[in-house]
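Here is a short briefing on a predicted model. Topics come first, then the points under each.

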Protein chains: 2
Amino acid sequence: MTTKTETRATEVPADTAGTIAVPRLDQQLCFALYSASGLMTKLYRPLLDPLGLTYPQYLAMLALWQHAPSTVGELGEALGLDSATLTPLLKRLEVGGLVTRRRDPADERRVLVEPTAKGQALRARIKDVSAGLACAMPLEVEELRSLHRTLTGFVAKLRDAASAS
Amino acid sequence: MTTKTETRATEVPADTAGTIAVPRLDQQLCFALYSASGLMTKLYRPLLDPLGLTYPQYLAMLALWQHAPSTVGELGEALGLDSATLTPLLKRLEVGGLVTRRRDPADERRVLVEPTAKGQALRARIKDVSAGLACAMPLEVEELRSLHRTLTGFVAKLRDAASAS
DNA sequence: TCCAATTAATTTGCGTACGATTATTTAGTA
DNA sequence: TACTAAATAATCGTACGCAAATTAATTGGA
């Protein structure tokens with residue numbers, strides 16, 4: 001280890017004029033979304049823990065309460081998730097007694113997923129989640145609505161862009 | 001049926017008498033964030049694959065290009081990630097030759113992480129990522145800026161809320 | 001000096017998340 | 001009928017992401 005400067009090839013000085021400009025983390029929209037989504041999950045966790053649900057499991061139950069029975073493919077479409085993700089997630093919900101999984105007699109390729117009575121009973125306790133979250137949410141109602149509207153449009157366009165690959 | 005009084009936008013009428021109303025998936029801000037973040041990751045993947053980086057690894061490199069050496073804790077603070085997540089991620093970057101990890105001589109509890117020459121060289125190729133992404137981004141510049149501004153404020157408030165637990 | 005509390009990173013266990021592959025079933029077609 | 005292509009889940013391998021437990025180093029007293 002010489003105390004001499006070892007900078008030889010493709011010298012990339014630290015904070016000088018010759019530095020290649022790199023986008024700052026806090027200027028990246030993707031990072032803002034990444035952070036917001038992660039923080040949201042953290043916000044939900046203490047509310048969902050008593051229900052024995054993880055955050056993605058909660059989203060899956062929301063989708064199933066809205067439309068059941070659903071195939072794995074329909075759930076994947078609604079949630080934007082792959083069957084490789086959903087299959088084990090749904091198996092855990094099944095083990096927990098919240099949903100049933102069965103092959104569609106009319107088309108044995110499909111798997112029909114449906115909330116059980118216990119799964120339906122959870123609906124009653126979901127209000128507490130929404131209420132608790134509304135309390136913890138640090139934004140005005142109008143701001144939330146606006147943000148949600150903007151994001152929904154954004155997501156729709158991103159889905160188009162993603163499907164065009 | 002049931003065209004009841006529907007002044008509250010957050011209230012969802014039960015589709016059947018006696019059914020407990022449950023928030024619709026597409027009315028949940030958390031799900032919009034979840035979807036947007038996931039789609040964003042999908043958008044980055046084909047651009048980062050040639051660089052041998054995953055999306056979280058890309059964020060970590062952004063943080064390190066901006067400030068190095070950093071401790072694992074500092075990176076965790078910047079990225080909003082746990083050391084249990086970062087340790088294996090950084091080890092993979094180390095195996096890939098992009099960063100070095102060494103104990104801080106002044107405080108052997110800390111681990112200092114720093115880009116290698118190879119890691120610095122990647123900076124030059126990041127421009128392509130940003131450029132390629134800008135092309136794929138289906139929103140007007142002004143909309144993106146506005147969304148980013150809103151999200152940044154939202155994230156700041158969520159962090160406050162999370163730290164107050 | 002000694003030792004209990006604190007701090008920092010790692011390890012362990014579980015649950016997502018996705019690309020690629022495989023197995024089964026169905027639909028289409030000669 | 002038999003043969004092929006398409007559709008649908010499940011499986012495998014790798015990589016996050018976090019809670020809880022563990023290990024190691026430092027700090028702050030009594």
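Chain A has seven helices and three strands; helices are DSSP runs of H or I with at least four residues, strands are runs of E with at least two, and both are numbered from the N terminus. From the N terminus on, the elements of chain A run α-α-β-α-α-β-β-α-α-α. Residues are numbered from 1 along each chain as its sequence is written, and chains are lettered from A and ligands numbered from 1 in the order in which they are written. The model is predicted, so local features need pLDDT of at least 70, side-chain atom pairs count only at pLDDT 80 or more, totals for chains, interfaces and linings use all residues, and side-chain values use heavy atoms, with hydrogens and water left out.

**Chain A overall**

- Buried residues make up 39% of the 165 residues in chain A; buried means under 20% relative accessible area, exposed over 50%, and partly exposed in between, with a 1.4 Å probe and protein chains only.
- Take the contacts in chain A between residues at least 6 apart in sequence: 48% of them join residues at least 24 apart. Contact means heavy atoms within 4.5 Å.

**Cis peptide bonds**

- Most peptide bonds are trans.
- The bond from A:A68 to A:P69 is cis, with omega near -5°. A:P69 sits in the loop between helix 2 (55-66) and strand 1 (70-71) of chain A.
- In chain B, the bond from B:A68 to B:P69 is cis, with omega near 0°. B:P69 lies in the loop between helix 2 (55-66) and strand 1 (70-71) of chain B.

**Aromatic pairs**

- The count comes to eight aromatic pairs over all chains. Rings of Phe, Tyr and Trp (its six-membered ring) pair if their centres lie within 6.5 Å; planes under 30 degrees apart count as stacked, over 60 as edge-to-face and the rest as tilted.
- A:F31 and A:Y34 have ring centres 6.2 Å apart and planes at 25°, so the pair is stacked. Both residues lie in helix 1 (residues 29-48) of chain A, three residues apart, about one turn of the helix. A:F31 and A:Y34 are both buried.
- B:Y44 and B:Y55 have ring centres 5.3 Å apart and planes at 45°, so this pair is tilted. B:Y44 lies in helix 1 (residues 29-48) of chain B and B:Y55 in helix 2 of chain B, so the pair ties together parts that are eleven residues apart in sequence. B:Y44 and B:Y55 are both buried.
- Ring pairs link A:F31, A:Y34, B:Y44, B:Y55 and B:Y58 into a cluster.

**Helix packing between chains**

- Two packed helices are described by the angle between their axes and the distance between the axes.
- The axes of helix 7 (residues 141-163) of chain A and helix 6 (residues 141-163) of chain B come within 11 Å and cross at roughly 130°. Axes are lines fitted to C-alpha atoms, for helices over the stretch in contact, and angles run from 0 to 180 degrees between N-to-C directions.
- Helix 7 of chain A and helix 6 of chain B are therefore oblique to each other; angles under 35 degrees count as roughly parallel, over 145 as roughly antiparallel, 65 to 115 as roughly perpendicular and the rest as oblique.
- The crossing of these helices is left-handed, meaning that the near helix is turned anticlockwise from the far one by less than a right angle.
- Residues of helix 7 of chain A in this contact include A:L144, A:L147, A:L151 and A:F154. On the side of helix 6 of chain B, they include B:L144, B:L147, B:L151 and B:F154.

**Residues at the chain contact**

- B:H148 is in helix 6 of chain B and is buried, with a relative accessible area of 15%. Leaving aside neighbours within four places in sequence, B:H148 is in contact with A:D26, A:Q27, A:Q28, A:L29 and A:A32.
- A:Q28 lies in the segment before helix 1 of chain A and is buried at 11% relative accessible area. Not counting residues up to four places away in sequence, A:Q28 touches A:P23, B:Y44, B:Y58, B:L62 and B:H148.

**Buried strand residues in chain A**

- A:T71 lies in strand 1 of chain A and is buried, with a relative accessible area of 9%.
- A:P115 is found in strand 3 (residues 107-115) of chain A and counts as buried at 9% relative accessibility.
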